[in-house]
Structures are given as structure tokens and as C-alpha cells.
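Here is a report on one protein chain. Please have the sequence and the structure open while reading.

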Amino acid sequence: MNKKLFLHIGAHKTASSLLQTALKSNQEVLKKNQLDVVFRAQVINTKFQALLDLLSKGETVNPQELQASLKEVLSSKTLDKCLVTNEDLFSSIKINDFYQNIKYSLANLKAVAKDCDIKVILYVRNQADYVESVYTQYIHLGRPISFDEYRSLGNFENLSWYRVVCDIAEAVGKENVIVKPFETLKHVSADDFFRDFMSTIEVANLEGLVWPSNIETSRGANRSYSKLAIEIANLVNPLLDKKERQLLRKFLQENFSTATHERAQFLSLEEREELKKIHSSDNKKLFEIYIPKQNGKLLGYF
């Protein structure tokens with residue numbers, strides 16, 4: 001019987017760090033459910049990730065090397081199911097790097113993962129919020145860039161989740177694509193959001209499940225900077241070295257995140273409406289075909 005391989009690929013700024021932190025606290029529950037986990041830190045600097053990066057750029061890789069690198073990542077994972085969770089697997093945080101070659105990348109991976117049945121989990125986010133959150137991540141990383149400079153790096157009209165999901169489906173099969181809207185987190189508790197993810201990765205026995213009390217406000221959840229935090233970061237980061245910027249990031253995430261302070265907005269109401277209008281048609285198809293149980297209009301997609 002083939003190993004079931006879940007690939008949780010993000011997207012960026014859709015609570016991936018929150019889910020990963022919670023997963024780390026529940027290793028015993030996962031093992032009871034026959035599920036191994038490969039976390040971001042265990043894959044990000046591997047040959048496997050390096051080869052996926054080349055595929056994401058549309059380049060050719062040696063199939064034998066890709067197969068060997070995948071086996072190396074999974075070498076210590078002996079249970080029936082395995083989850084690889086890394087939002088950088090097929091796309092970087094750069095706004096102009098929006099899964100443009102994910103069909104090609106997954107097709108190559110599927111061709112060499114002969115002992116694995118692949119399922120892909122993608123969380124999506126309405127385009128206006130996604131744009132602002134990715135820019136905020138630039139500030140998290142200490143990059144001195146204005147929103148106008150960031151905007152010039154990519155075309156916001158090219159951020160079609162429907163195109164991305166269709167590409168994934170063409171590579172691994174529609175039945176193997178699981179799409180979740182990040183915005184449901186606004187309507188349920190973070191605990192329930194995590195429980196839904198556990199159901200997605202076929203963890204049915206939740207006996208002993210732990211939900212750390214401080215996870216939602218800790219840096220481990222990669223909380224987004226508030227408006228005040230961004231103002232502080234933009235003033236102070238240019239004066240700091242790399243280590244000092246990391247300390248500032250930890251301080252701001254723990255004390256001035258959107259969990260406790262006002263969220264920053266970079267797009268005007270008119271710009272947000274224009275982005276919604278541009279992507280409305282594709283977003284409707286996304287929900288009709290891949291997320292029929294969720295109300296995309298209520299969640300701000302159209």
C-alpha cells in the first residue's frame with residue numbers, strides 16, 4: 001500500500017505558522033493516528049527544496065536526484081501517512097512569485113513519488129488582504145521597502161487562486177486537491193481552525209489534543225504586525241543589524257501584533273474594491289468548484 005503524502009503548501013500569510021506550532025505540540029496525537037510530520041525547518045535547506053525551487057522557476061531537474069532527495073526527506077518517516085508542511089515548497093514570499101510553475105513542479109514530483117499518493121492542501125485568502133499581508137511580511141523580515149515599491153514588483157491582477165488550484169488539479173487530480181479559505185478563522189476559534197486542519201489530514205482520534213494558551217499571541221504563530229508595529233519597524237529597522245532586527249521582530253509580534261492592536265491598511269477602499277472586481281469571476285468559480293460548502297461572498301471574495 002502506498003504512503004499517503006499530504007503537502008500543506010501554505011499559501012503564505014494564511015496561518016501556516018499557527019498550524020505548525022500547534023502540530024509540534026501534538027506529536028503523540030499525530031503518531032496515534034499513524035501520521036508523521038516533516039516541518040518547514042526540516043525541509044527548507046535540503047536538496048529536495050533546492051530542486052523544487054528550480055522547478056518553480058521552470059527549470060529542468062534530474063528525476064533520479066529529485067526522487068533520491070524526496071526519499072531522504074522521508075527517510076525517518078515510517079508511518080502510513082506523512083504531512084510535509086512548508087509554505088515555501090512551490091512559491092516564495094515574493095509577490096511576483098505566485099505559483100507560476102506549480103503544475104510543472106507537481107507533475108515532476110508525482111512522477112518520481114511512485115510509492116506515495118499525493119494530496120495538496122492550499123489555504124487561500126482574498127486578494128486585497130493577501131497583498132497587504134505579504135507586504136507586511138516584508139516589514140517583518142526587516143526589508144526597507146515602501147508599499148509603492150513593493151507594488152511595482154508584481155502585477156496584482158495576476159493573483160488568481162482559481163488558476164493555481166486548476167494547475168494543482170491537473171498535476172495530481174481534482175480529488176487530491178483540498179482548498180480552504182483562511183477567512184474562516186474570523187468566524188471560528190483558532191482551536192476549531194486547527195481541529196478542522198487535523199480532520200483534513202485524517203487525524204480522527206483527538207484524545208490528548210493540546211492547544212497552548214498563548215499560541216495566538218506568541219511569535220510562534222507568526223502574528224502579523226499591527227499599524228503601530230509597522231511604524232516602529234520602519235523607523236527602527238534601518239538602524240539595526242540582522243540579529244537586532246530579529247529581536248525587534250520578536251518583541252513587536254509579542255506586544256504589538258494584530259491580535260491586540262489595529263491592523264494596518266495600505267490599499268484604499270477603492271483599490272480594494274477594484275481588486276475584488278478583477279478577481280470576482282475566478283473567485284466565484286473557485287468556490288463553486290472547489291469550496292462549495294463555504295460562502296465566498298460572505299468571506300469577501302466577490
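Predicted model: local features only at pLDDT ≥ 70, side-chain atom pairs only at ≥ 80, totals over all residues.

## Helix α6 against helix α9

Helix α6 spans residues 102-112, and helix α9 spans residues 161-172. They pack at an angle of about 20°, with their axes 8 Å apart. That angle makes α6 roughly parallel to α9, since angles under 35 degrees count as such. The crossing of the two helices is right-handed.

On the α6 side, the contact uses Ile102, Lys103, Leu106, Ala107 and Lys110. On the α9 side, Val164, Asp167, Ile168, Glu170, Ala171 and Val172 take part. By class, this contact of α6 with α9 holds 7 nonpolar and 4 charged residues, and no polar ones.

## Helix α7 against helix α13

Helix α7 covers residues 127-140. Its packing angle with α13 is about 120°, and the two axes are 8 Å apart. The angle makes α7 oblique to α13.

Gln127, Ala128, Asp129, Val131 and Glu132 in α7 meet Arg272, Leu275, His279 and Asn283 in α13. The residues of this contact split into 3 nonpolar, 3 polar and 3 charged.

Glutamine 137 is in α7. With a relative accessible area of 9%, glutamine 137 is buried. Serine 280 lies in α13, which runs over residues 269-290. Serine 280 has a relative accessible area of 15%, so it is buried. Beyond its sequence neighbours up to four places away, serine 280 touches Tyr301 and Phe302.

An α-helix has 3.6 residues a turn, so residues three or four places apart point the same way. Three helices can be read with that in mind.

In α5 (residues 63-73), Leu66, Ser69, Leu70 and Val73 are buried. Seen down the axis of α5, they fall within an arc of 100°, so they line one face of the helix. The face turned away from that buried side carries the exposed residues Gln64, Lys71 and Glu72. The buried residues of α5 pack against β2 (35-38), α3 (40-43), α4 (47-56) and α6.

In α6, the buried residues are Ile102, Ser105, Leu106, Leu109 and Val112. Their arc about the α6 axis is 130°, so they too line one face of the helix. The buried residues of α6 pack against β1, α4, α5, β4 and α9. Ile102 and Leu106 are buried in α6, and both are in the contact with α9.

In α10, Ala190, Phe193, Phe194, Phe197, Met198 and Thr200 are buried. These residues fall within an arc of 155° seen down the axis of α10, so they line one face of the helix. Their partners are β1 (3-8), α1 (16-24), α2 (27-32), β3 (81-85), β4 (116-124) and β5 (177-181).

## Glutamate 202

Where does glutamate 202 lie? It is in the loop between α10 (190-200) and α11 (227-236). Just after α10, glutamate 202 takes a positive phi of about 65°. It counts as partly exposed, because its relative accessibility is 32%.

Glutamate 202 touches Lys4, Phe6, Asn33 and Lys81, leaving aside residues up to four places away in sequence. Serine 146 is 56 residues from glutamate 202 along the chain, and their C-alpha atoms are separated by 42 Å.

## Other backbone exceptions

Most residues other than glycine have a negative phi, and most peptide bonds are trans. Some places in this chain depart from that pattern.

Glycine 10 and alanine 11 are joined by a cis peptide bond, with omega about 5°. Alanine 11 is in the loop between β1 and α1. Lysine 13 is also placed in the loop between β1 and α1. The phi of lysine 13 is positive, near 60°. Lysine 13 counts as buried because its relative accessibility is 13%.

Tyrosine 99 is found in the loop between β3 and α6. Tyrosine 99 has a positive phi of about 55°, although it is not a glycine. Is tyrosine 99 buried or exposed? At 0% relative accessibility, tyrosine 99 counts as buried.

Definitions and conventions: Residues numbered from 1 in each chain as written. Heavy atoms only, no water. Axes fitted to C-alpha atoms, helices over the stretch in contact; angles between N-to-C directions. Helix = DSSP H or I, 4+ residues; strand = E, 2+ residues; numbered from the N terminus. Parallel < 35°, antiparallel > 145°, perpendicular 65-115°, else oblique. Left-handed = near helix turned anticlockwise from the far one by under 90°. Contact = heavy atoms within 4.5 Å. Nonpolar A, V, L, I, M, F, W, Y, C, P; charged D, E, K, R; others polar. Buried < 20%, exposed > 50% of the residue type's maximum accessible area, 1.4 Å probe, protein only. Arc of directions from axis to C-beta.
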